[in-house]
Amino acid sequence: MGSIKDRVAIVGMGCVKFGENWDKSLEDMIIEAAYEAFEDAGVEPKDIQAAWWGSVFAGESGSIMSTPLKLAYIPVTHVENQCATGSEAIRGAAYAVAAGVYDLVLAVGAEKLKDTGYSGLPQTRPVATWSYRLTTQTPAAGFAMMATGYFAKYGLDFDEGKRLLAHIAVKNHHNGSLNPKAHFQREITLEQAINAPMIAYPLGLYDACGVSDGAAAAIITRADLAKSFRSDPIYLKAVSICQGAREGWLSQVYDLAHVEETYRGGIAAYQEAGIKDPRKEISIAEVHDCFSITELTIMEDLQFSPRGRVREDIEAGTFTLEGDLPVNTDGGLKCFGHPIGATGLRMLYEVYKQLQEKAGPRQVKNPRLGLTHNQGGEPGAATVSVLIAGNELG
């Protein structure tokens, strides 16, 4: 198989403030994110040759995005891949450029969830292919089973497990407090996280991400053209999507302590990017912390920590802003928010800013490679994207 490594570059990005954006419509957010990206790249809408639009609940046509941006009569593709939708938009746009079909394209992801009135993911349409495989449990319940599965497999009692998850929540709240575009911008203590109201045992209020509105956008071009747009483009090294067999809930051997799609998607991305030791070579990672337990298991699935030993790294501060491998420097889903179609692009936005050393008080030291991990579905039935980008060619 071929590789996308160093064939495509990001030359502009935009992202709105995530949150309860009652004063903005979906179209307002699309325009704001896209025009920040246009300005960042020094281009105009008329320069865009094709576009990819990622949204799960905001319509079934590319015109939902192209109409407010006045991108008339160019190809616009609507993509949806659960919570990995934003990453799927990046992937479609990047591969079209890598194939030599277009020189300059746009990827946008957005969602307006607060207006639905739902406290979780809105179930606005039937998903028939899931009905015979999965139960009607909430996402919180599914990931709570993962937490108890991990605790049982690695011998953590309730108090030990809760404290471990609390460290993740505290870290991400701290990072979000440094980010003016994050939904939640206040710090919490370990005690607050541990003693918060229970949502689905053993996950409490601060173990879960919020429901948010938001949009993000990227301008993508050929790597050999990138320096004509800006002096500090970001080059894509790998863009992988891993679809699971959806066998987890049917298999008695599934341990509910890892996500196989994340593990295999990581291996594919590392191979494409030429990474031998991800813990040492990755400078920053944005991962899908829809629940604190997810971030915990992702650290092991992406080979940042040995199996069963992520506790040592969490307690040592390895994944903090000052640690050896900062994770979710913008606050993650936990604090930045999770408007489904925008999340993958928001993750790339943070990596883009970090690799350009423009992340302000969240800036990590001397970053070279950044990773985004975007997961849809549930443990045992997941869709996973792993994207790797760098600020140097080669």
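## Sheet, helices and salt bridges

β1 and β8 run antiparallel and are joined by 2 bridges. Two strands count as paired if DSSP finds at least two bridges between them. Helices (H or I, at least four residues) and strands (E, at least two) are DSSP runs, numbered from the N terminus. In this pair, Ile10 stands opposite Ile234 in β8.

This is a predicted model, in which local features need pLDDT of at least 70, side-chain atom pairs count only at pLDDT 80 or more, and totals for chains, interfaces and linings use all residues. Residues are numbered from 1 along each chain as its sequence is written, and side-chain values use heavy atoms, with hydrogens and water left out.

**The sheet.** β8 (residues 234-243) also pairs with β11 (residues 381-390), again antiparallel, over 8 bridges. Here Ile241 faces Ser385 in β11. Of the 10 residues of β8, 8 are buried, so the strand is largely enclosed by the rest of the structure. Buried means under 20% relative accessible area, exposed over 50%, and partly exposed in between (1.4 Å probe, protein chains only).

These strands belong to an open sheet of 9 strands with mixed pairing. The order is β3-β2-β4-β7-β1-β8-β11-β10-β9. Which strands stand at the edges? They are β3 (76-79) and β9 (284-286). Each has a single partner strand, so one side of each is left without a neighbour in the sheet. From one strand to the next, the twist averages 25 degrees. Axes are lines fitted to C-alpha atoms, for helices over the stretch in contact, and angles run from 0 to 180 degrees between N-to-C directions.

A parallel pair is formed by β2 (residues 50-54) and β4 (residues 104-112), with 5 bridges. Ala50 stands opposite Val105 in β4. In a regular strand the side chains alternate between the two faces of the sheet.

**Helices.** Helix α1 (residues 26-41) lies across β1 (8-15), β2, β4 and β7 (213-222). It runs at about 135 degrees to β1.

Helix α5 (residues 139-153) has 15 residues. At 1.5 Å a residue it should span 21 Å, and its end C-alpha atoms are 21 Å apart, which agrees. The expected span is 1.5 Å times one less than the number of residues. Its buried residues include Ala140, Phe143, Met146 and Tyr150. An α-helix has 3.6 residues a turn, so residues three or four places apart point the same way. Among the elements that cover the buried residues of α5 are α6 (158-177), α10 (292-301) and β10 (369-378). The cover comes from contacts, meaning heavy atoms within 4.5 Å. After α5 comes Gly155, with a positive phi near 70 degrees.

**Salt bridges.** A search of the whole structure finds 25 salt bridges. The criterion is a side-chain nitrogen of Lys or Arg within 4 Å of a carboxyl oxygen of Asp or Glu.

| Pair | N to O distance |
|---|---|
| Lys24 and Glu32 | 2.9 Å |
| Asp301 and Arg307 | 2.6 Å |
| Arg346 and Asp330 | 2.9 Å |

Asp301 is buried at 0%, whereas Arg307 is partly exposed at 38%. Lys24 is partly exposed at 22%, and Glu32 is partly exposed at 34%. A network of salt bridges links Asp40, Arg230, Asp232 and Lys358.

**Whole protein.** The secondary structure comes to 13 helices and 11 strands. Of the 394 residues, 60% count as buried. The C-alpha trace spans about 60 × 45 × 40 Å along its principal axes. A compact globule with 394 residues would have a radius of gyration near 21 Å; the protein has 19 Å, which agrees. That radius is taken over C-alpha atoms, and the globule rule is 2.2 Å times the number of residues to the power 0.38. Among contacts between residues at least 6 apart in sequence, 78% join residues at least 24 apart.
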